[in-house]
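Biologist: Can we go through this one together? I would like to take it piece by piece.

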Amino acid sequence: MLTTSNLIPGNAVLDEICAAGEPWMGMVKQGQIFRILDLEGNQAVDTLFYNAADPEERYSAVDTIRRQGNLYLTTGSVLYSGEGRPMLKIIADTCGRHDTLGGACAAESNTVRYALEKRPMHSCRDNFMHALAHCDCARHRHMTKRDITANVNFFMNVPVTPEGGLTFADGISAPGKYVEMRAEMDVVVLISNCPQLNNPCNAYNPTPIRLLVWDAHR
Amino acid sequence: MNNILWEETVPGGNHWSGVLRRDTALRLTDLEGGANVAALFYNREEKLERYNMPDTLKAQHTAFLTAGNVCYSDMGRVLCSIIGDSVGWHDTLSGVSDAALVAEKYGTVNFQTHRNDMVRSGRDGLLIELGKWGLGKRDLVANVNFFSKVTADADGNLHFQPRHSKAGDTVELRFDMDVLVVLSTAPHPLDPVSQYKPAAVKLTAWHAGTAAVDDVCRNACPQNQRGFINTERFYAGSGRRSC
């Protein structure tokens, strides 16, 4: 469902650009509002969420899908943890559909999907590994590859047909589209701004995204 | 079948784990109809390598599994291949029940009153088995639900197909790596049946040999051909036969 937000960037407590193909890691506290903005359009944003107090509790794609009885995320969708607790709720969305099944590209899966010699390319899983190795918020929580699970792909379009087919379709996002969610607990956010060049998930041209956080509504 | 290694029955609502070696196969038989087997797969040599739902679906451009499909690890290797299937559709999207869902649907049942007629969630069954191998919640990822069919309509809404599997239906997995297999036979989380009566499942292991050059799963798509090359490289030089 398409819904806009009336939050003003000037009031945000965090306003950062994540460059094309780069990882980003940060905190969003309970009640704060987190916006991901697709600056140039059709940019897949691979995103994982962890309970900041106990990262063993993390976003679960299958629990989220099963609880809402639907594969796609949009306004009103609640992102659930494996413990069955709401982690974030999507409260604004000008794109309309976000993916839960496509996961992250990886050097290893690229060898399967495209060609054995595609291994050395940048990938989301390598971005996740890089962020976990360098971000204080990951090191202090002893987060590793073990904590990488099926992620959300904001702005990505992976339609499933009634016959069970699955394809990476051209994006439905566009420059300036955004998705906004309210944290229902303190969460660690781990993002790879997808560097994939082998399929249309980034329109073959990965681009920057803008990340904003607002404090809880008074 | 004359090369059976072992056979075992897992009651409905129960759970099981064990290692299936490369070149062995496992047949799951739905003994009563309407069974569900939640399954997870780990490389027993390096258990950080595990079944990856998105990679499995993306590589094969499918949202469900059937004969000819393989289960990919997150490292681009083939953990197991579906070499036989009388059911036609196995769910990959819906995860498992948890204790709250089971209590809400079936009421609270404990050992004091019901002894081994256990009413245990899929999640708790998987966690118990994972714990036996030093694994836990961090290792619990999106699972396969063998014998269950869940479709999605054009808007993404899920539809559970009741009693999709019939008594006697089977699915056969050939293990292409040494794999830790973790199973729960609790009901599918979207199964609307209000009584807790999950079906028992028979496990039959046999010596199947590794995937031949003309193997159906290997040649189902170029992606699988490359997945098998990655898998064979992992075992190269181990003195173990590869095709």
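Modeller: What follows goes through the contacts between the chains, a helix, the core and some strands.

Biologist: What should I know before reading numbers off it?

Modeller: This is a predicted model, in which local features need pLDDT of at least 70 and side-chain atom pairs count only at pLDDT 80 or more, while totals for chains, interfaces and linings use all residues. Residues are numbered from 1 along each chain as its sequence is written, and chains are lettered from A and ligands numbered from 1 in the order in which they are written.

Biologist: How many residues of chain B are in contact with chain A?

Modeller: 42 residues of chain B are in contact with 33 residues of chain A; contact means C-beta atoms, placed from the backbone, within 7 Å. On the chain B side, H1, strand S10 (149-152) and H5 each supply at least two residues. The largest share, six residues, comes from H1(B). Helices (H or I, at least four residues) and strands (E, at least two) are DSSP runs, numbered from the N terminus.

Biologist: And how do the residues on that side divide into nonpolar, polar and charged?

Modeller: The side of chain B that touches chain A has 21 nonpolar, twelve polar and nine charged residues. Ala, Val, Leu, Ile, Met, Phe, Trp, Tyr, Cys and Pro count as nonpolar, Asp, Glu, Lys and Arg as charged, and the others, Gly among them, as polar.

Biologist: Back to H5 of chain B. What span should it have?

Modeller: Helix H5(B) covers residues 222-235, and its 14 residues should span 20 Å at 1.5 Å a residue; the end C-alpha atoms are 21 Å apart, which agrees. The expected span is 1.5 Å times one less than the number of residues. After H5(B) comes B:Gly237, with a positive phi near 80°.

Biologist: Which residues of H5(B) are buried, and what do they pack against?

Modeller: Among the buried ones are B:Arg226, B:Phe228 and B:Phe234. Buried means 20 or more other C-beta atoms within 10 Å of its own, exposed 12 or fewer, partly exposed in between, with C-beta atoms placed from the backbone. The buried residues of H5(B) pack against helix H2 (107-113) of chain A, and in chain B against helix H1 (53-60), strand S6 (70-72) and strand S7 (78-85).

Biologist: New topic. Which residues touch the most other members of the largest nonpolar core?

Modeller: Of its 121 residues, those include A:Phe49, A:Val187, B:Val37 and B:Phe41. Strand S4 (residues 37-43) of chain B gives the most to this core, six residues. A nonpolar core is a set of buried Ala, Val, Leu, Ile, Met, Phe, Trp, Tyr and Cys residues joined through C-beta atoms within 7 Å.

Biologist: What does B:Val37 touch?

Modeller: Leaving out residues up to four places away in sequence, B:Val37 touches B:Leu28, B:Phe146, B:Phe147, B:Leu183, B:Thr185 and B:Val201.

Biologist: Over to chain A. Is A:Arg97 buried or exposed?

Modeller: A:Arg97 is buried, with 21 other C-beta atoms within 10 Å. A:Arg97 sits in the loop between strand S6 (86-93) and H2 of chain A. Not counting residues up to four places away in sequence, A:Arg97 touches A:Tyr72, A:Thr74, A:Asn157 and A:Ile172.

Biologist: Why is strand S8 of chain A largely enclosed?

Modeller: Six of the seven residues of S8(A), residues 177-183, are buried, so the strand is largely enclosed by the rest of the structure. Strand S3 (residues 33-38) of chain A pairs with S8(A) in the antiparallel sense over six bridges; pairing takes at least two DSSP bridges. S6(A) also runs antiparallel to S8(A), joined by five bridges.

Note on methods: Contact = placed C-beta atoms within 7 Å.
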